[in-house]
Every structure is written in C-alpha cells, then in structure tokens.
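I opened my notebook for a first look at this structure. Here it is, so that you can follow along.

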Amino acid sequence: MNRSDILWRPRPEQVEGCNLTGYLRWLENKRNLRFAGYDELWRWSVTDLEAFWGSIADYFDVRFRVPTERVIPDRAMPGASWFPGAELNYAEYALAHEGGAPALICRGETSERREFSRDDLRREVGAVRAGLRRLGVGAGDRVVAYLPNDAEAVIAFLATASLGAIWSSCPPEFGVESVLDRFRQIEPKVLIGVDCYTYNGRAYDRGPDLDRIVGSLPTLSAAVVVRAAGRTSADTNGSPRRLSWEKLTGDRDELVFEPVPFDHPLWILYSSGTTGLPKAIVQGHGGILVEHLKQLALHTDLGVGDRFFWYTTTGWMMWNYLVSGLLLGTTVVLYDGSPGWPDLLTLYRLADEESVTCFGVSAPFLMACRAAGLEPGRQFGFDALRAIGSTGAPLPAEGFDWVYEHVKSDVWLGSLSGGTDVCTGFVGPNPHQPVRRGRIQCRSLGARVEAFDENGHAVTGRVGELVITEPLPSMPLFFWADDSGERYRDSYFDHWPGIWRHGDWIEFDEDGSSVIYGRSDSTLNRGGVRMGTSEFYRAAAELAEVEDCVIVDTGSLDREGKLWLFVVLAEGIALDAALAGRIRRHLRTRLSPRHGPDEIRAIPEVPTTLSGKKLEVPIKQILAGEPVENAVNVGTLKNPDSIAALVATL
C-alpha cells in the first residue's frame, strides 16, 4: 500500500461513532463474533452467507410478517433462493419513521421548495394508495411513471410498493420510442405522467408525447396527469382513461402494507438500451431491502439526522438507491433540473443551503467542474457536509485531487461502482479506512467481488475481469418476458458458468482497494498491451486543449486495428496537424508507444447516455460498418444529435 497517496483518514471519534462500528459491537455481543479488521469481516461476510445476511436482517430489525427458518438454502447462480417463505413489504420500512422531522426536501430550477415531514409523506402515500386501489391496482400489477425527480415520483412509488404492485419509471426527457421500448414490455395497468417539465431554464411541453405514450399502451386502464411542482394538473377533458393527480389523491385511507414474499417483484429497472431493446430487470422487495440497509448504513454511514442527496433522474438506478435513504430515517433531498443551470455551482449551492451531509454526483460532473476551474469551497461553507459520493464512471485521481483542494479538505470522498443490474455497489466507501488517491476504498460486505485473469483465476495487483463468485440478494429475480431465463444467463453467466461476469476491468490492491478501468468490451488492446479506457482518459485530461474525449479501438473488429480518438476541444482551439502531433506524443509518453491514436477527430460533444456513460461500444460498432440506427438508439442519448455529429467526421 502506498501511504503517500492517502488524502483522508477517519478521525478516531468518526470511527467510534459510525454505524459500521455499531454493527461490529452488535456481532460481538449478540453473535460472539470478533474480527481483527475490515478484511476479516469482509471474508466472513462472503463465506458464511447464511450468518452474514441473517445478521443484517436481525441488526436492522427486519420483522418478517411470516418468518423463515433459512437464509439461503440454495446459493447457486443464477437461481439462489433467499429467505424462503418469508413475507414483508419494502414500503413499510421506508415509512416506518414517524413525526415532524423532514422526510423529503424537493428543489428544482423554477419551482418552489417543498418539504414533507415523515407524517406528511405517510399521509400522501396513503392517499395515492387509496387512489390506485380505486383504479383496480393490486399485487403484481405494473404502475409506470413518466415523471421527473420530484415528490410525486417518490410518493407514487411507495404507494405502488405498499400494494405489492410493481413500479417502473422513465424521466420525461426520454423520447417516446425509448419510453415505449421499456413500458410495452411490462404491460402496465396505470401510468402516472407529466405533460411538461423544465430543464436548463426552458419549459418543455410533453403533452403530445404523453398522449402518444398513453395511446400506445393498450393494457392501461387509467392515466394520471401531473404537472410540475407549483402548477395545476392538466385538464383531463373528461376522458375516462385520464384523471388528475388531485383526483387520484382526493380520498384518504388508512395506510396499510400488503405482505408479499421476500422475492416478490418491487420494481423493474432497465439496461441502457443503447444497442438493442433494454433488458427489463426485476428486483425484489426483500433483496433490495437488506442490500440497501447494509450498503447505505454500513458503507455510507447514513442514519436519522442525515440529509442525503444524489443528482439523478427517475431513469437511473441511483434514484431508487437515493429513495432507500428513507429506510434509515434519513432526509432525502431531491433536485429536478439541470446541474449546469444557471451555472455549475447550482448543486453545490443546494448542498450548502439544505445542509446536505452526503452529497452524491457522477464522476463526469466532478470532472466537468474541475475542467471549468470551479472552486466551490471558496464560495460555500459546507458546514454540514461530511461525505461526497461519486459514481457513474471511474473518477480519475485528478478528480480526487480537485475535490480535496477545491471543495472541502476534510470530506470523506466515497467512490462507488456497481450497476443497475443489482441496484447497488460491489465496491465502494468504507468509514473505517483511508481514502487513497484515485482508488475505491473496499469490497462491499456480502459482495464476493474478484478480478479474474483470462484463465478464471483471482488476481491481485493486476487488471482482471470484475466477477462475482457468490450470490447477492439484490441480483435480478429475472428479466421480464424472459420465461426460459436464457437472456438472463447470457447476460452474466455465459463466460464462466456459475460466475457473474460484470463486464468491467478492475484491479485490486492488497488492502482491498480497487480501480475500475472501464468496460472490458471496450478495452484498448494494442500490440498485446491491454489498457482500460479510463486510464486513457486520465492521460488525456492533462492536455489543456482537450475538454473531453472518447477513445475506441477497432482492433477486434477491423484487421488494421485503428485507435480512434474523438476530442472536444477548448473554446478557440482548432484541430490541426501540430495539435494532433502534440496529443499523440503526450499519450505515447504517458501510456505507451503503442497508444498513440491512429485517427483524431474533433467533435462538438461526446455522445453519452442520459446517465453520462460514453458510447464506446456503439461507436466501435459504427466504425466497423454497423448502421447507426442498428448500433445506437438515439432516444437513450443525452443529446440525440451528438452521434450524428461524430459520424459526420468520419
């Protein structure tokens, strides 16, 4: 371990007072288990799955309506069976905390601030639950949402879950076909949507799109129309299939929770769908409950009194992860709008004004703030801020430096990596361990994550395939409409039977910390020298002329194996032979002589998904001759025009 790269250490009082320490004390007192350190605790958690996950349920007082005698009688992957026979309801735990303390704080670009106490939230969920019951919604029915990241989405989700119905959502910035690609698969009974939203200071009319979506879902029995916060609901024109949010919530009813089996579907998430029909990923009440209790309490150290924020939309798994802060009595802070309007300080201003204690954003956002030369720590006190979370892409070492130099010097920076597939992190923060420059702190408890070499052997100190060799409770129950399970097996278990292959390159150090090097299917393999794309991006970020870039190696598809670099240049900079030469020399020096790009093209914007992921694999397919319409679904992109602009440079 290189101790010179340590940027933060927890103070003794922080270690003493954190949830992870409380859990260790409980294990000693209640289970007579003592561990010499985190590594020993982790090894126990991934070896004795029965004891570990049973302890999580007991420590967090998960009260099963119907108990179970076993935790995991079958640990095969896929198909592991968790807490068989047990019954519970996720929403009951999310709404277990009562009183006047804030449960939700809602902010947006133009709307007024709204705050919901714990009691307020319970009342609103009860009203929506009653409305959904009047519409005939029951256990197993699908309720879908075309909603921004605002209170109505959280309320409707919890009401849906309380009935044992299944939730699924898309943000209103998704194109109509992208929404239908998702919702048609699952045949929803009720849709709740907005007919307008605001982004980047501009109001967008979604009325015609909402009409098309409703008209293209023949299984709908009703559509509920919500307007943005602070505005009245749309005129429903007397349509029997339409009603306003106010009409839905007009009657109050007792808030009760339908007991469902541990593996009953809670929600349906979707893969990005950039290259085909999105996978409809089904996750269960119990698996999500115990996983999020573990991850948010023990690894993120959230609890009563904390204010938890993550910049997200309702189309990214981080929205579901954020909402689970309610399980711990944490105040959840929502923001609806652009992170860059009216400027890139907007989210930092929000964090300061709302006394956010844990502030989560994407790695690309932090790097954009760095590139813009921002110094939020000079403008805001951040008195309450104790932790910053980063995910969505690997955060380069320079991003760590920027946070500690220009945001807050004594903050706990927790980089997290996992995926929609499990709605959690495999590797992430640890309140007991130091933060090392450019590294993720630890393997998460209960997640047997390893780096495999090409022969399927676990390696340390070398880059390997990220794999999971024991089941997690939040792994998908199944994919919707994949009755045979073939698509599920092909997605994760096609390479090594019984081993979850996630599709990322990862390297572990002896202390358990790690670095993610990007997707393994977009690897740069030059003359036998294999490198992840994130390592390339870190080197490119050192060039003042380059604001952003995407790198693609066609070696596996093109016999000549060209390395293509697409760059977004700083304002006023033009790509000429001299600049191209400087870029090549810098990358050959920093990386290897083999990693100088064969082709360099200037583009106005790097094509990314709505969650900020660069389209490395679809661009690779386009370079190999695949038609654009087959390689990428433009409706899933942050800017649908960005891929056309890139193709125009070829």
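Before the strands, a rule: I count two strands as paired if DSSP finds at least two bridges between them. Helices (H or I, at least four residues) and strands (E, at least two) are DSSP runs, numbered from the N terminus. The model is predicted, so to speak of local features I need pLDDT of at least 70, and of side-chain atom pairs pLDDT 80 or more, while totals for chains, interfaces and linings use all residues. Residues are numbered from 1 along each chain as its sequence is written, and side-chain values use heavy atoms, without hydrogens and water.

**Entry: a sheet.** I looked up an open sheet of 3 strands and found the order S20-S21-S23, paired antiparallel. Strands S20 (417-419) and S23 (442-443) are its edges, each pairing on one side only. S21 (residues 424-428) is joined to S23 by 2 bridges, and Gly-428 sits opposite Cys-442.

**Entry: a hairpin.** S8 (residues 196-199) and S9 (residues 202-205) pair antiparallel over 4 bridges, and Thr-198 has Ala-203 as its bridge partner. I found 2 residues between the strands, and in the turn Asn-200 has a positive phi of about 60°.

**Entry: the cores.** A nonpolar core is a set of buried Ala, Val, Leu, Ile, Met, Phe, Trp, Tyr and Cys residues joined through side-chain atoms within 4.5 Å; buried means under 20% relative accessible area (1.4 Å probe, protein chains only). The largest core has 153 residues, and Tyr-90 is among those touching the most other members. Helix H7 (residues 151-162) gives this core its largest share, 9 residues. Apart from it I found another core of 35 residues, including Leu-524 and Val-606.

Key
Buried < 20%, exposed > 50% of the residue type's maximum accessible area, 1.4 Å probe, protein only.
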